[in-house]
Each structure stands twice: as C-alpha cells, then as structure tokens.
Amino acid sequence: MAEAGDAILCPFDFSEALDFDPSLAELMAQGPITRIRLPYGDGEAWLVTGFEGVKQVTTDQRFSRAGIMQHDYPRLTPEPIVSPESINVMDPPRSSRLRRLVSHAFTRQHVEQMRMSIVELADELLDEMAEQGPPADLVQHLSNRLPQHTICEVLGIPRDERAQMQGYAQRLLSTEEDSQQTEASAKASLRSYFDQLVKERRHTPGNDLISALAAAQDGEDALDDQELTVMALTLLLSGHDTGSCQISNVSYLLLTHPWLLERVRNKPDSLPAVIDELLRYIPFRKGVGIPRVALEDVEMGGVKIRAGDFVHVSYLTANRDPERFTNPHTVDPDRPNVPHMTFGWGGHRCIAVPLAMAELEVAIGRLLERFPGLRLAIPAPDVRWDTETIRRFPVELPVAW
C-alpha cells in the first residue's frame, strides 16, 4: 500500500476555450489518486480522479466536508467560498435534514411554475437582442442576465438590487491573489442582505422561493433563520455559477458543432438529451471545488489515506473516465443514459438541478427558435475566455443571425 509521496503543484489555471485541462489529463494518466498542492491553503491533498473513486469519496461517511472548516484547507481561491453553516459543508444526518426540507421547494409543480417565469424572462431578453440587431453579445444579452433575473426572481429579490447581488457573487469566485479582502467583504454583504430578506419574508410571505422554504416542514421540523439565510445565499451563488456559464458554454459548443446544431433544429425534442451530454463534456470549472477530510485511515486506489488528510475529487475527470463513458472526450448525444457528475454526486449533489435544467432548456430552446440563422459573429479562436475566476466560460460571445 503506497504512502503519500511528493505532491504535484496544481495551479489549475487552464482556460483555453472548452479544451480539457492537460494537467488534469496527466493526473488521470498517473492513476486514480495522486498527491497535489493547490495555490492557497495550508498543506497538501489527495486528488481522486476516477469515477468510482469519486463516487466512493462522495458517499463514504469516513470523508467529512464539515471537518474542513476547522482548517485552512487547500483550495483555488484566497478566501474560502463557503460559509460554515452552508449545506455544502455539512455531513449527514444534518445535511440530509436540510435537503429533505429544501426539496419541498423543488417539486415538479414548483419547477413548472418557475419555468413559466423563465420563458417570460428569456423572451423579454431576446426581444431586446432582436431589437438591437446583429452582431450582439450573447453573454451580455442572455447568459448573464437570464440566470441573474431567474434566481433573483424566484428568491424574490427586487430588480433594482439584482445587479449588486451579481457583483457580489462574481467577486466571491475570484482567484486573484489580492482579492481576499474583497471576497470576504462580498460574502459578508451577501450574508447581511439575505439575513434581512429572510426576516422580511417571515413577517410578510410572498410567492417566492424564500417564502416557500420558510414554510417548508418535515413533520415538526423546519428551517431556522440562519439555515434559511445561508440556503438562499447558496442558491444565489449556484444559480449564477451554473446558469451564466453553462448557457454560454452550451451555446458555444452548438455554434461550433454545426452537425449538433442541425440535429437540435431538426429535432427540438432532442434538446434535453443534447444539453445533458454537453454538460457531461464541458469542463465547467478550473480544477477542483470543496475538499473533504478523512476521519480515519482509508485504503483506496492503491494508497493509504490517513486520518486528517484532505481529499479533493474531480468531477471533471470523473466525467471523462473511459471506464464509465465510451470515447469520453467525444460529444455523443446518442450515448446511453448514464448519470454524470456535473451537478455533483451523493449527499452533496446540487439540490436545484430541476431549476438549472429548466433554465438551460428554456434559454437554449428559445434562443434557437427565435434566431434560426444564429451563428458566431467572429472566428471561434477569437472568442475571449474567463481567466479571473474558478469557472470556465466565454467573457463575450458575439453572434449574428
């Protein structure tokens, strides 16, 4: 059984279009578990890359998310993104309790009501794009604004406050060296904002997600104010992260894969399957997210992970594992329906997946329906990509029709 060896320094700063990070590919080739060091935080970590290994770590209660909050854990951002009270750093049974309560707000009925609002918002934004005329920046007109307005709409955030919330969310995801104070300030501002909003909704409920979460019960159990505040903040960040990036990323891949675009145009009912395959294929972030810490010695993948060791998993490499997906580096919308890990796995799989999928299906579906001649307005190599956050997405996506 191998012990920890020399760690590989992993800045994970690759941001060339939607190409797969070569450093991740090299780590995959070295084996299912390797020792790494990240730009921020104290110490080293194990990185698990294979699908089955990631599945084990994300479901094995010997690996704790909650335990990392006592440490300056290895990460990609100067300031830790998550709050100690966030569901993202809770372990069962506490996290299971919150997930049960929050799931009441994401029933099929609620999501369908949200879908109607998303369609209205998408059409309003696409009307503005059509009125301006080509060329137009899809990021500015649709990708940024639709998720911002959608998550703010369902959370009940007033329109004149949404741009400020977007700014806080963007600053919190920065990987810049001198951004720690800015990130801490942004997190504090968001926390204070939602703390006040929760109090208002407790007193005067509305037809919004925070009010629905405030009313959610599982028997006698319900969310307290602090839990509801952090949950709202988490949903805001997740809404921006998934929606803004993936609308642009999916659009870019469709516009640079004419055969795939033609398929969706000819068979609109294939759109959900195409989006699902593109979500598997897209490297949606740089490197890794939130680690876990081993609560006891664990042997897996030919190495001994000792109690106290940090363990990162890569959903990106799990989605490209050839033992799980045939020809994993190829876009194949006819691939057998095998679940991927873009939304996570196990007890920390994204709670708001139904909302995220509705948003993507509406955004891409309405875009292609409204603009049948949609195309990139510049050569694909000239598209600029984000280099300042942990996410992968085009900064601008000029289109014409």
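Predicted model: local features only at pLDDT ≥ 70, side-chain atom pairs only at ≥ 80, totals over all residues.
1. The structure holds zero disulfides. For background, a disulfide is a covalent bond between the sulfur atoms of two cysteines. The cut-off used here is a pair of cysteine sulfur atoms within 2.5 Å.

2. Cys152. Cys152 counts as buried, because its relative accessibility is 0%.

3. Cys245. The closest cysteine sulfur to that of Cys245 is in Cys350, at 13 Å, and this is again too far for a bond. Cys245 has a relative accessible area of 1%, so Cys245 is buried.

4. The sheet with strands 5, 13 and 12. These three strands form an open sheet in the order 5-13-12, and their pairing is antiparallel. Strand 5 (136–137) and strand 12 (375–376) stand at the edges; each has a single partner strand, so one side of each is left without a neighbour in the sheet.

5. The pairing of strands 12 and 13. Strand 13 covers residues 398–400 and is joined to strand 12 by two bridges, with the two strands running antiparallel. Within strand 13, Ala400 is the residue that stands opposite Arg375.

6. Side chains of strand 11. In a regular strand the side chains alternate between the two faces of the sheet. Strand 11 covers residues 310–313. Which of its residues point one way, and which the other? Phe310 and His312 point one way, while Val311 and Val313 point the other way. All of these residues are buried.

7. Partners of strand 11. Strands of a sheet pair through backbone hydrogen bonds, either parallel or antiparallel. Strand 3 (residues 45–48) runs parallel to strand 11 and is joined to it by four bridges. Strand 8 (residues 292–294) runs antiparallel to strand 11, with two bridges between them. On that side, Val293 has Phe310 of strand 11 as its bridge partner.

8. Thr182. This residue lies in helix 8, which spans residues 180–203. Is Thr182 buried, exposed or partly exposed? Its relative accessibility is 36%, so Thr182 counts as partly exposed. Thr182 and Pro398 are 216 residues apart along the chain, and 30 Å separates their C-alpha atoms. Pro398 falls within strand 13, the strand of residues 398–400.

Terms used. Residues numbered from 1 in each chain as written. Heavy atoms only, no water. Buried < 20%, exposed > 50% of the residue type's maximum accessible area, 1.4 Å probe, protein only. Pairing = 2+ DSSP bridges.
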